[in-house]
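Please read it with the sequence and the structure side by side.

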Amino acid sequence: MSELRPGDRIIIVGAVRPSSRLSKIVELERMVVVELKSELLYENPTCPLCGASTESLGSRGGYRCRKCHHRFNGVRRAIEVHRGLSLGTYQAPLYRHLTRPLFLPGLSNGNLDG
């Protein structure tokens with residue numbers, strides 16, 4: 001899945017088969033997302049005078065407004081990015097006839113015991 005990032009903890013359920021081109025291939029049937037690492041995006045502060053965006057003046061230079069050119073010292077703010085992925089069990093749209101579908105009883109909330 002493209003929403004996964006390094007540091008996320010997942011459990012993969014599937015079959016391993018040999019490959020002529022690669023050594024082994026995992027045919028993914030089900031994935032349980034156990035833990036998601038938070039992803040932060042850092043933004044420059046806005047200008048205290050006019051509220052416009054600012055640019056950094058280096059490591060010790062502070063910030064300068066792009067609109068009114070006001071210089072000030074400020075702190076970058078951290079914003080948590082929405083991942084579009086939640087904790088739980090995900091099943092591939094195509095699965096083998098031996099795999100129990102998620103909608104059947106006995107496999108809810110990531111319980112892999114069956």
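1. Leaving aside neighbours within four places in sequence, Val26 is in contact with Ile12, Ala15 and Val16; contact here means heavy atoms within 4.5 Å. Val26 is found in strand β2. The C-alpha atoms of Val26 and Ala15 are separated by 5.7 Å, although the two residues are eleven apart along the chain.

2. A word on the basis of these values. This is a predicted model, in which local features need pLDDT of at least 70 and side-chain atom pairs count only at pLDDT 80 or more, while totals for chains, interfaces and linings use all residues. Residues are numbered from 1 along each chain as its sequence is written, and side-chain values use heavy atoms, with hydrogens and water left out.

3. The protein has zero helices and eight strands. Both kinds of element are DSSP runs numbered from the N terminus: helices are H or I with at least four residues, strands E with at least two. From the N terminus on, the elements therefore read β-β-β-β-β-β-β-β.

4. How do β1 and β2 pair, and over how many bridges? Strand β1 (residues 9–18) and strand β2 (residues 24–35) pair in the antiparallel sense over ten bridges; two strands count as paired if DSSP finds at least two bridges between them. The two strands form a hairpin with five residues between them.

5. An open sheet of three strands has the order β1-β2-β8, with antiparallel pairing. Its edge strands are β1 and β8 (88–91), each of which pairs on one side only. The twist averages 20 degrees from one strand to the next; for such angles, axes are lines fitted to C-alpha atoms, for helices over the stretch in contact, and the values run from 0 to 180 degrees between N-to-C directions.

6. Strand β5 (residues 63–65) pairs with β6 in the antiparallel sense over two bridges.

7. Tyr63 and Phe72 are linked in two ways in the model. In β6, Phe72 is the bridge partner of Tyr63. The count of aromatic pairs comes to one, where rings of Phe, Tyr and Trp (its six-membered ring) pair if their centres lie within 6.5 Å, with planes under 30 degrees apart called stacked, over 60 edge-to-face and the rest tilted. Tyr63 and Phe72 form a tilted pair, 6.3 Å centre to centre with 35 degrees between the planes. Tyr63 is buried, with a relative accessible area of 8%, and Phe72 counts as buried at 15%; buried means under 20% relative accessible area, exposed over 50% and partly exposed in between (1.4 Å probe, protein chains only).

8. His69 lies in the loop between β5 and β6. Is His69 buried or exposed? His69 is exposed, with a relative accessible area of 54%. Its phi is positive, at about 65 degrees, although His69 is not a glycine. Most residues other than glycine have a negative phi.

9. A disulfide is a covalent bond between the sulfur atoms of two cysteines. A search of the whole structure finds zero disulfides, the criterion being a pair of cysteine sulfur atoms within 2.5 Å. Cys65 is in no disulfide, and the nearest cysteine sulfur, that of Cys50, is 3.4 Å away. Cys65 is buried, with a relative accessible area of 0%, whereas Cys68 counts as partly exposed at 36%.

10. Some totals complete the note. Buried residues make up 19% of the 114 residues in the protein. Of the contacts with a separation of 6 or more, 49% are between residues 24 or more positions apart. The protein exposes about 8,700 Å², and carbon and sulfur atoms supply 53% of it; accessible areas come from the Shrake-Rupley method with a 1.4 Å probe, and for residues only the protein chains shown count as cover.
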